[in-house]
Amino acid sequence: MSVFLDHASTTALRSCAKEALSDALDFVGNPSSVHSQGRATRELLEESRDKVAKACGANRSEIIFNSGGTEGNNHAIKGIFWDRVKKDPDCKVIISSRTEHHAVIDPVQWLGGNQNAEVVFVEHLANGMIDLNSLRSLVKKHGQRVALISLMWVNNETGVISDIPAITEIASEFDIPVHSDAVAAFGHIPIDFQSSGLTAMTLSGHKVGAPIGVGALVVARSAKPISLVHGGGQERSLRSGTMNYPLAASFAAAAKEAIAELDHEVARLGALKDQLEAAVMEAVPSAIITAQGANRAAYNAHFVFPGTQSDAMLFLLDQKGVCVSAGSACQAGVLGPSHVLLGMGFSHSEASACVRVTLGKTSTLQDVQVFLTALEQVHPVALQATPA
Ligand SMILES: Cc1ncc(COP(=O)(O)O)c(C=O)c1O
């Protein structure tokens, strides 16, 4: 059995989530039906909504269940943009970042290429954090023409935590709606939608121990993003289609447990990560911790191993029974340089030499030790395998 240290990509199904799913699958009834069995599934759905709302500091009416992070980001970005442009055709600037997940960058760029959006990217400090002065000047420059700002709460590659309240404060000068992809934040750092100042926030279930294929878009009551799908008007008319109460129940159970364990896990995984980083730097002194000095999530360690290539490192580590990732998108089986590291100013060769180790509920000191032993063995081989 290999050691799994890729919890940011997806994490093990929690027993409570499996149980909630299995129990809910025994129910029969469309939550929109008026008969008793329909009312029973509606009750289950609304209890689940309540749990997810409590877990992220939102009002229950703000939770729109959906299929996960990619859908949530697409919906928030396109829906808010379309709503703003409908009211003012000149309000078409989108502020985002080059270090966002593709589930944000791609819809933003699609709007740029197909719907006349003007896309501008904020600058980053050397440690990967958003340069708030750069954001301030973009907001001042484009003012009322900014349709929305979309900036993630925790970066899924580097673990960098953004100061979301500071971002929404800057946006408030021109009443600009702010969306945040909180997929890598939810369950890993405390988040509170109500006090964040956000208009919309994306959550994904499988990152907190629910099955793949469920998530939620949190949408402030005041916001009316245009829907991506039209139909029966379920979920505040923002996500038509028969509501998936079994997956919602499973997501809610996982979210509740993740939040209950949050403080303990942050301390436990943070200590493991510190040990891991110190040991990596001792074993490979040329390694770079990519967002050193930034405020980072406890479960995430991201390195550059200069002179290697990510795909060689991942392959060799996998052969030693260690599952990690580079953090960058893998297209057609070929790893490109990390767009996140390129966006932070790393060189092409550095951005092609990264390894991400992400810890989770099942991670132990022994897992970390297995990784370190494997790293010491594979690093010299990966250096040799890289063409000069
Ligand atoms: C930061 C971030 N946003 C969005 C997504 C996409 O989420 P989903 O897999 O639920 O579509 C991911 C998944 O890797 C992610 O890490």
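**Note on the cavity and the ligand site**

1. The lining of the largest cavity comprises three nonpolar, five polar and one charged residue (Ala, Val, Leu, Ile, Met, Phe, Trp, Tyr, Cys and Pro count as nonpolar, Asp, Glu, Lys and Arg as charged, the others, Gly among them, as polar). Those residues are Thr99, Glu100, His124, Gly128, Ile130, Met152, Asn155, Val160 and Ser162.

2. This is a predicted model, in which local features need pLDDT of at least 70 and side-chain atom pairs pLDDT 80 or more, while totals for chains, interfaces and linings use all residues. Residues are numbered from 1 along each chain as its sequence is written, and side-chain values use heavy atoms, without hydrogens and water.

3. The shell around the ligand has two nonpolar, eight polar and two charged residues. Among its members are Gly68, Asn73, Met152, Asp181 and His206 (a residue is near a molecule if one of its heavy atoms lies within 4 Å of it). Helix α3, residues 69-87, contributes the most, with three residues (helices are DSSP runs of H or I, at least four residues, numbered from the N terminus).

4. The protein covers 84% of the 390 Å² of accessible area that the ligand has on its own (Shrake-Rupley method, 1.4 Å probe).

Terms used:
Helices (H or I, at least four residues) and strands (E, at least two) are DSSP runs, numbered from the N terminus. On a 1 Å grid over the protein atoms alone, a cavity is a set of points where a 1.4 Å probe fits but cannot get out, and a pocket is an open set with protein on both sides within 12 Å along at least five of seven lines; lining residues have an atom within 4 Å of a point.
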